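Subject: Structure handover

Hi,

Here is the structure for you to look over. My notes follow below it.

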Amino acid sequence: MIVLKSRDEIEKLRRSNRIVAEVMMLLRERIRPGVTTGELDELAEREIQVRGGSPAFKGYRGFRHALCISVNEVVVHGIPGDRKLCEGDIVGIDCGVVADGFYGDHAWTFPVGKVSAEAQRMLDIGEAALMAGIAEARPINRLHDISAAVQGVTEGAGFSIVRDYVGHGIGRSLHEEPQVPNFGTAGTGMRLRSGLVLALEPMINQGTWETEVLDDGWTVVTKDRKLSVHFEHSVAITDDGPDILSRLDE
Ligand code: MG
Ligand code: MG
């Protein structure tokens with residue numbers, strides 16, 4: 001079932017997403033060689049609670065952390081711990097918050113110190129693919145206009161789109177209908193409507209699009225162990241166009 005949100009509900013979603021965006025800004029400042037993923041997770045949990053939210057991922061199907069932290073070949077769902085970030089790594093941070101019954105969900109991939117030219121190009125293309133998808137998130141368009149735009153930017157740059165994981169609706173649940181694939185044919189899929197709120201989240205691989213899950217049951221890696229990046233915004237579709245809820249006004 002697809003739930004359209006009222007103006008009031010969109011403001012509540014904006015509040016949860018604002019907490020996520022603020023925490024992400026603090027994390028970005030903390031990322032440097034030598035910091036552990038566990039330290040980033042502790043910081044996030046504290047800062048979410050200070051802002052009146054709760055970490056949405058903690059307890060989700062038994063996950064024990066506030067963040068998913070996915071380094072280099074890890075696509076998504078990396079588990080925070082003792083791993084120290086190293087110069088040249090790329091680190092994907094995914095953060096979810098629930099506040100007043102509404103969810104926020106936002107992810108970004110950051111460079112650690114100076115990264116290779118190829119890694120930087122993946123970061124640039126990942127962000128560009130997300131923004132191209134968001135630009136299609138408007139009434140009259142169809143769902144797969146978003147998917148096709150993301151896929152076009154990604155494959156046009158010579159990278160591949162992960163098929164096994166997709167974006168989603170968001171509201172009173174972290175994951176709502178519809179699923180939003182990052183690949184597809186423009187002009188197909190459900191008609192987009194004002195009040196639909198979607199978490200758009202392309203996962204982009206340097207090599208093959210294929211992934212596998214490690215023995216811990218969570219960590220998703222690229223099958224060829226090449227790099228992967230992940231960018232996500234929660235976006236409300238309005239009559240005025242896409243409204244990015246998980247972005248701070250600069
Ligand atoms: Mg997320
Ligand atoms: Mg998500």
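In these notes, Ala, Val, Leu, Ile, Met, Phe, Trp, Tyr, Cys and Pro count as nonpolar, Asp, Glu, Lys and Arg as charged, and the others, Gly among them, as polar. This is a predicted model: local features need pLDDT of at least 70, side-chain atom pairs count only at pLDDT 80 or more, and totals for chains, interfaces and linings use all residues. Residues are numbered from 1 along each chain as its sequence is written, and side-chain values use heavy atoms, without hydrogens and water.

The pocket: by that scheme, the lining of the largest pocket splits into 10 nonpolar, five polar and seven charged residues. A pocket here is an open set of points on a 1 Å grid over the protein atoms alone, where a 1.4 Å probe fits, with protein on both sides within 12 Å along at least five of seven lines; lining residues have an atom within 4 Å of a point. The lining has 22 residues, and Y60, H77, V166, H168 and H175 lie nearest the centre. Strands (DSSP E runs of at least two residues) are numbered from the N terminus. β7 (167-169) and β8 (176-180) each give two or more residues to this lining. β8 gives the largest share, three residues.

Strand β14 (233-238): six of its six residues are buried (under 20% relative accessible area, 1.4 Å probe, protein chains only). H233, V235 and I237 point one way, and S234, A236 and T238 the other. Strands pair if DSSP finds at least two bridges between them. β9 (197-200) runs antiparallel to β14, joined by four bridges. There, L198 partners V235. β15 (241-244) also pairs antiparallel with β14, over four bridges. A236 partners D243. A two-residue hairpin links β14 to β15.

Best wishes

Note on methods. Chains are lettered from A and ligands numbered from 1 in the order in which they are written. Buried means under 20% relative accessible area, exposed over 50%, partly exposed in between (1.4 Å probe, protein chains only).
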